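Q: I'm new to this one and would like to go through it slowly. Could you put it up first?
A: Here it is.
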Amino acid sequence: MADNAETYSGENYHRLKRGQVGFWGAVAEEIAAMAPACDTVAFVTSAAAFAFMLTPLAFLIAMLTMFLEVNTLYHLSKRHASAGGYYGYISTAFGPRPAIVSGLLYVLYQIASTAAIPVYVAGVVLPGVIYYFFHVALPAWIWIPFILVFIVVPIVLAIVGIRPQMKYVRVAAFFEIAFLGVLSLIIILRAPDNTAAVFNPFAWKQYSSLFANEGGPVAGLGLGMIFGLTSFIGYGGSAPLGEEVDHPRSVTKALIYGLVLVGIILTEVAYALTVGWGTSMMQSFAQSNIPGIIVATLYTGIAGGFMLALVAFNSAFSDSVAMQSNAGRVYFAMARDGIIPKFFSEVSERFATPWKSLAFIGTVSSAVAVGATFTISAAMGLSPVELLSGSANSAAISSALSNTFQLLTTVALVGLILTHTLLNTSVMTMFRRLRERHITLGQKILHPIEHYIMPAVATAIFIFVLYESIVPPIFPVTQAVLISSVYLVLAVLYVVVLSKKRPETVKRAGRLVNMVEEESGGID
């Protein structure tokens with residue numbers, strides 16, 4: 001254990017082993033955490049339920065928004081690499097209290113996202129695939145044992161160690177990107193409905209009635225962006241690897257490369273599926289449980305459609321590995337600072353991983369997946385017996401599982417927006433405090449753009465999407481926002497109580513590495 005400890009202010013603090021992850025491993029972690037193939041069969045479908053033929057535009061704007069976030073994390077991570085990731089960045093800018101809240105929010109949306117995977121992929125997509133290709137109806141309870149596949153097994157891989165994990169993630173992630181790119185290109189080249197109008201919300205006046213419930217094409221676009229943005233929810237997945245990469249710049253570069261690859265591919269996929277299905281028929285797109293797989297089969301045959309299903313299942317698995325690993329490392333960093341019990345900071349002597357934090361994340365994600373599904377089903381009038389004894393292909397069961405997915409996804413969205421709003425304001429605050437000197441004309445022009453304007457624009461877009469997710473109230477989105485709000489209040493209260501009981505511990509939180517203090521001598 002001594003090999004994984006360093007002294008900070010007279011105390012021993014556990015650190016993760018340097019050199020465990022290379023640059024391409026960090027890029028693979030970014031791709032795996034965003035899970036583009038899983039997004040293809042889940043988030044594109046959900047976005048199309050609101051944005052219809054504007055789904056490609058929803059993903060394009062979401063990608064550009066996250067590019068603005070690249071700027072934020074680029075400037076935060078290039079000189080501040082820590083296992084705490086976002087938690088450490090916010091502590092440097094605003095101090096320990098907001099950092100503690102952000103750390104708890106980060107784990108909230110990672111847990112919610114991880115819990116949503118087996119519910120939708122195994123409860124909706126898997127039965128749809130089996131019935132579509134083999135005409136076999138699966139039982140409604142099929143998603144429950146798949147918690148083992150999508151949550152428990154990945155957590156074991158994460159505990160075993162970052163190096164074997166990275167070998168798997170690297171191969172799977174880059175194959176996934178290549179496959180989706182080629183598949184989408186084939187669909188686009190063969191589709192008879194190619195048009196640039198899918199990127200223009202004002203080009204569909206003849207379909208105004210289609211967007212009536214959403215409040216018009218622009219409002220429908222905003223609702224579609226909810227799922228466009230949450231498809232990138234694993235973005236920044238390499239940030240908590242800051243202590244394990246071979247060089248801190250690996251994290252910085254991985255943020256850019258990962259988002260570029262996934263953003264381009266997801267926009268291409270959204271466009272391919274829209275024109276492949278038919279722009280005038282997008283109302284029926286989301287009514288199918290597996291529209292992406294149907295389109296792939298239509299244009300590339302059974303082999304192409306079935307391969308997409310397999311890649312999507314693997315993507316969901318990789319997503320669980322990456323997200324649970326990252327969330328566990330944030331808990332590790334917070335426990336190391338004494339914010340949560342030291343129990344979570346213990347590093348395995350054999351594997352050099354925070355195994356207790358990882359085991360906790362896996363356990364909680366599994367419990368949330370089960371609990372949320374039964375709660376939503378009960379709210380919809382389905383008894384536990386009906387939920388477990390019916391057919392997975394029944395409309396009632398699919399609706400219950402889809403609503404559970406939307407609940408967990410929206411919880412994740414709220415956590416993402418709150419955390420990234422803190423990150424965007426962190427970069428503004430941090431560089432004001434650093435008082436960097438800008439000599440050349442180019443530096444003087446870029447400084448306000450990179451450190452103030454771009455973060456502010458990204459924050460405005462996040463707020464717009466959050467607004468669209470709660471106005472007007474709609475089940476289960478409104479309930480998800482309420483759950484997130486209660487969690488936020490409890491997190492704040494926890495910090496208040498902790499500040500009174502252990503003020504020195506709170507003061508030290510997230511400051512094992514503090515670039516402002518290191519580079520400016522503690523300028524306020």
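Q: Is Glu346 buried, partly exposed or exposed?
A: Glu346 counts as partly exposed, because its relative accessibility is 30%, where buried means under 20% relative accessible area, exposed means over 50% and partly exposed lies in between, with a 1.4 Å probe and protein chains only. Bear in mind that this is a predicted model, in which local features need pLDDT of at least 70, side-chain atom pairs count only at pLDDT 80 or more, and totals for chains, interfaces and linings use all residues. Residues are numbered from 1 along each chain as its sequence is written, and side-chain values use heavy atoms, leaving out hydrogens and water.

Q: Which side chain does Glu346 meet in a salt bridge?
A: The side chain of Glu346 meets that of Lys356 at 2.8 Å, N to O, a salt bridge being a side-chain nitrogen of Lys or Arg within 4 Å of a carboxyl oxygen of Asp or Glu.

Q: And how many salt bridges does the structure hold?
A: It holds one salt bridge.

Q: Is Lys356 buried or exposed?
A: Lys356 counts as buried, because its relative accessibility is 16%.

Q: Switching topic, what is Cys38 in contact with, beyond its neighbours within four places in sequence?
A: Cys38 is in contact with Phe43, Val121, Glu176, Ala312, Ser315 and Ala316, where contact means heavy atoms within 4.5 Å.

Q: How far apart are Cys38 and Glu176?
A: Their C-alpha atoms are 9.9 Å apart in space, while in sequence Cys38 and Glu176 are 138 residues apart.

Q: Is Cys38 buried or exposed?
A: Cys38 is buried, with a relative accessible area of 4%.
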